[in-house]
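Dear colleague,

Here is the structure I promised to pass on. My notes follow below it.

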Amino acid sequence: MKSILQRGFTTAEFEMRATKAQQKMRELEVDAIILTTEPNVRYFSGFHTQFWHSPTRPWFLILPAEGKPIAVIPEIGASGMAGTWVEDIHTWASPRPEDDGISIVASVLNSLPSRFGRVGATLGIESHLRMPVANYLQLTTLVSKEFVDVSLAIHELRQVKSEAEIEKVREICRITNVGFDKIPGYAKAGMTEREICKQFGIDMLMEGADECPYIIAGSGQDGYDSIIMGPTDRVIEDGDVLIIDTGAVRDGYFSDFDRNWAFGHASEQTKAAYRATYDATTAGFEAARPGNTTSDIYNAMWKVLEANGALGNDVGRLGHGLGMELTERPSNTATDNTLLVPGMVMTLEPGMVYAPGKSMVHEENIVITENGAEWLSKRAEPELLIIK
């Protein structure tokens, strides 16, 4: 079933995002926020293009204390930005290394009302500026306002999804499940990781994914030791365990979950490790409710893993936020302690080292609702699937 979900968002969606951000700006006492990364520019403008893959040109979106965002972008993107709800668009002929839009950005910022004398920028945690450092430093000298970090505030705005955003994640999760469900029908010993993943990606594209930028695979006799590499040309053999973890995209929103299979047979130890991670997702799901925290989710899952003999967890966290990016804040760790509220889209990703050099990782996608968590991915089987 090909996707029929409408693409993009209504103007009302962008108005809501801007209004929430401007309320936060008043609390933070900033007169404007300058946004420079693809997800942040797209979140507040709707400007959606693959051209961000080119690192040559910087792009700027300025959110004033009142009204619509202001775009300062290369001329090549003018017609695309004009198709969004943004009306005030300033352009220059980029690339122009001697002044790649900096003087225009400074002029716009200086022209805005200066109630607080501060400009917000994404300078801190899990953020970056997609512009040369030298240009940013120059901008701070050209603008008659102090630059302050608002990265955490932007994260907090984006981590609570609207119903329209949640439906986009739900749809790409459906598409991803279709791809995973087809794997046992063609995967077999003698194929390489790369061959299996290639067909998997094709199936998701045929079902309606726009792209599959993240498909990893790990395999080995009765277990694997890495979940971020591959796929490789390693040939799957009888007795191997294979994990595929994917982040597929439709209309700018990601899925992010994995599946595990054994070929021919698996040891009781490996089957038990799979069962432990599955049970850990159950515990995490039950803990994922409003009023709890990301650390409550972590503790619930780690308790199950530890009780089942986990030797450790080298991932560093047991899940994270999900949406316009493959991974977003917050993180499910022992110390994150982010309060869970309805609208947060999360992954549950319990993982354990169950023997030297052997890991088992299981991941699902959920959304926090008023009444608890809801599965966005179709949950995996409770027992490790054996492909004969």
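I start with the cysteines. The sulfur of Cys 212 has its closest cysteine sulfur in Cys 197, 11 Å away, which is too far for a bond. Seen from the other end, the sulfur of Cys 197 finds its closest cysteine sulfur in Cys 212, again at 11 Å and too far for a bond. A disulfide would need the two sulfur atoms within 2.5 Å. The disulfide count is therefore 0. Cys 197 counts as buried, because its relative accessibility is 5%, under the 20% limit. Please keep in mind that this is a predicted model.

E1 (residues 32–35) runs antiparallel to E2 (residues 60–64), and 4 bridges join the two. Leu 35 has Leu 61 in E2 as its bridge partner.

Now the helix on the sheet.

H4 covers residues 102–111, and its partner H5 covers residues 133–142. The angle between H4 and H5 is about 35°, and their axes are 10 Å apart. The crossing of H4 and H5 is right-handed. Which residues meet there? From H4 come Ile 102, Val 105, Ala 106 and Asn 110. From H5 come Asn 135, Gln 138, Leu 139 and Leu 142. The residues of this contact split into 5 nonpolar and 3 polar, with no charged ones.

The buried set in H6 is Ser 151, Ala 153, Ile 154, His 155, Leu 157, Arg 158 and Gln 159.

Is Asp 203 buried or exposed? Asp 203 counts as buried, because its relative accessibility is 10%. Leaving aside residues up to four places away in sequence, Asp 203 touches Gly 179, Lys 182 and Tyr 186. Ile 175 is 28 residues from Asp 203 along the chain, and 8.8 Å separate their C-alpha atoms.

Gln 269 is the other. Gln 269 belongs to H9 (residues 268–287). Its relative accessible area is 44%, so Gln 269 is partly exposed. What does Gln 269 touch beyond residues up to four places away in sequence? The contacts are Tyr 354 and Ala 355. Gln 269 and Tyr 354 are 85 residues apart in sequence. In space, the C-alpha to C-alpha distance between Gln 269 and Tyr 354 is 8.0 Å.

That is the list. Over to you.

Best regards

How values were computed: Residues are numbered from 1 along each chain as its sequence is written. This is a predicted model: local features need pLDDT of at least 70, side-chain atom pairs count only at pLDDT 80 or more; totals for chains, interfaces and linings use all residues. Side-chain values use heavy atoms; hydrogens and water are left out. Axes are lines fitted to C-alpha atoms, for helices over the stretch in contact, and angles run from 0 to 180 degrees between N-to-C directions. A crossing is left-handed if the near helix is turned anticlockwise from the far one by less than a right angle, and right-handed if clockwise. Contact means heavy atoms within 4.5 Å. Ala, Val, Leu, Ile, Met, Phe, Trp, Tyr, Cys and Pro count as nonpolar, Asp, Glu, Lys and Arg as charged, and the others, Gly among them, as polar. Two strands pair if DSSP finds at least two bridges between them. Buried means under 20% relative accessible area, exposed over 50%, partly exposed in between (1.4 Å probe, protein chains only).
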